[in-house]
Amino acid sequence: MTIEVSLKKKLKYFDLDINFSFAKKNMIVMIGPSGGGKTTIVRMLAGLQKPDEGQIIFGDEIWFDNNKNINLTPQKRHLGYVFQDYNLFPHLNLFENAAFAAVNKNEVDELFEVFKIGHLKKRKPHMVSGGERQRCAICQALARHSRILLLDEPFSALDAITRRGLREELKSLKRNMSFPIIYVTHDINEALYLADEILPVVDGKIDHQWLQKMIAREPSAQLTMRAAREPRLSLVY
Amino acid sequence: MDYLAIYVTLKLALVTTAALMVIAAPIAYVLSYYRFAGKSFFEALIYLPMALPPTVIGFYLIIVMGPKGFVGKAWGFLTGDSLLFTFIGITVASIIYSIPFAVQPMKAAFSKIDRRLLEAAYVLGLSKRATFFRVIIPNSVSGIAASAILVFLHSIGAFGVLLMVGGSIPGKTKVASIAIYEAVEMMNYQTAGMIALSFIPISYFFLMLINKLNEGTQP
């Protein structure tokens, strides 16, 4: 089963024109400079923004096709989307947030234990740290049994230590998952550490040269690639 | 002391508040989240009662709700009764008179909610209607409470518009403000003073409540 994406959209400073496909169970890391169109692509995948042209095909299901006039709403795509912030509803405690759209509320307890936030169930989002909020946001997306998980710079507002811890948790989650993850970051080390496949997005286009330059320029990048222990890194074409 | 007038006033204020919470919420939602042709015209129309003298509103309501007006005619056809000089008539007048005070704080509260929170709800599978009830309303409690209290207090204070539409029928349309006016007209300052005094703790209590609610919703 593959996910095929072909998107075009006229943006303020450039035209986004991107094609990629990936297999289920893979973690795609989308990397690129800020303002290059990464978030727009993720929002279009989620159904929150409409492409001008293109197709999004998830297995045998068409999510978007401008020729066939198909554009599934975010509600029908059944995906998980973790934003940089603002995932959690401020009027609900962490448990209620994670159980908000859960398929089975009992699973939320298990997820909270896995993500080490079981003791914070009754706390409101403003009473916990940024890292704990993002852990809860991931639990929320997983409890819904999402078919794909979109993570748009989920740890970028966190400190380096928390970030590293969450990166590890995400990597171990990936081993047990049965759905694809698209992870957006502008951190080359994070990308190399987590990715099965890397999608470098610069000014709305896939730019592999930019990625090679970044790897060459960043001394720690080679070390990170080795530390990733899963040398399955390949580029998406 | 005209207890009957106080009773009619409180009943009118409660019914107006309850009705306006239901009527104003979808209007505030549309004004906060939708763009459409004629939106500013529609919004100005909603706020118009705030800018018009109550007697002007009362005059047009008499025209519309009277036996020859289209609303009065329709009401007469359905119920066989008149809208003018009835409790229902002054309730309609009070709702129209107070609608800006219901919509404005609600709209402000709805607009303050981050759009990304709504997007998070859509991605989690919630329809727009479910998002309204499960995300927007619970996160706008202080704005809705402010709206309810403003409407309640504004309804208590209504005078000109109610006098024109309802007259002064004891137990039906004679509210406290009209009772005070009539008592003063008859030089009965003691009765006027008693009724007037009874409203100070009521108004003060609700203003305290609005402050308390605002404090309670601070993170």
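In chain A, eight residues of domain 1 are in contact with five residues of domain 2, where contact takes C-beta atoms, placed from the backbone, within 7 Å. Keep in mind that this is a predicted model: local features need pLDDT of at least 70, side-chain atom pairs count only at pLDDT 80 or more, and totals for chains, interfaces and linings use all residues. Residues are numbered from 1 along each chain as its sequence is written, with chains lettered from A and ligands numbered from 1 in the order in which they are written.

**Domains of chain A**
- Domain 1 covers 2-79 + 148-235 and domain 2 covers 88-145; the bounds come from an automatic or database domain assignment.
- Taken over C-alpha atoms, the two domain centres of chain A sit 24 Å apart.
- On the domain 1 side of that contact, helix H6 (residues 160-176) of chain A gives the most, with three residues; helices are DSSP runs (H or I, at least four residues), numbered from the N terminus.
- That side splits into six nonpolar, one polar and one charged residues; Ala, Val, Leu, Ile, Met, Phe, Trp, Tyr, Cys and Pro count as nonpolar, Asp, Glu, Lys and Arg as charged, and the others, Gly among them, as polar.

**Between the chains**
- Chain A puts 16 residues into the contact and chain B 15 residues.
- The chain A side has 11 nonpolar, four polar and one charged residues.

**Nonpolar core**
- The largest nonpolar core has 124 residues; such a core is a set of buried Ala, Val, Leu, Ile, Met, Phe, Trp, Tyr and Cys residues joined through C-beta atoms within 7 Å, buried meaning 20 or more other C-beta atoms within 10 Å of the residue's own.
- Helix H5 (residues 87-112) of chain B gives the most to this core, with 13 residues.
- A:Leu150 is among those with the most contacts inside the core.

Key:
A residue is buried if 20 or more other C-beta atoms lie within 10 Å of its own, exposed if 12 or fewer, and partly exposed in between; C-beta atoms are placed from the backbone. Helices (H or I, at least four residues) and strands (E, at least two) are DSSP runs, numbered from the N terminus. Two residues are in contact if their C-beta atoms, placed from the backbone, lie within 7 Å.
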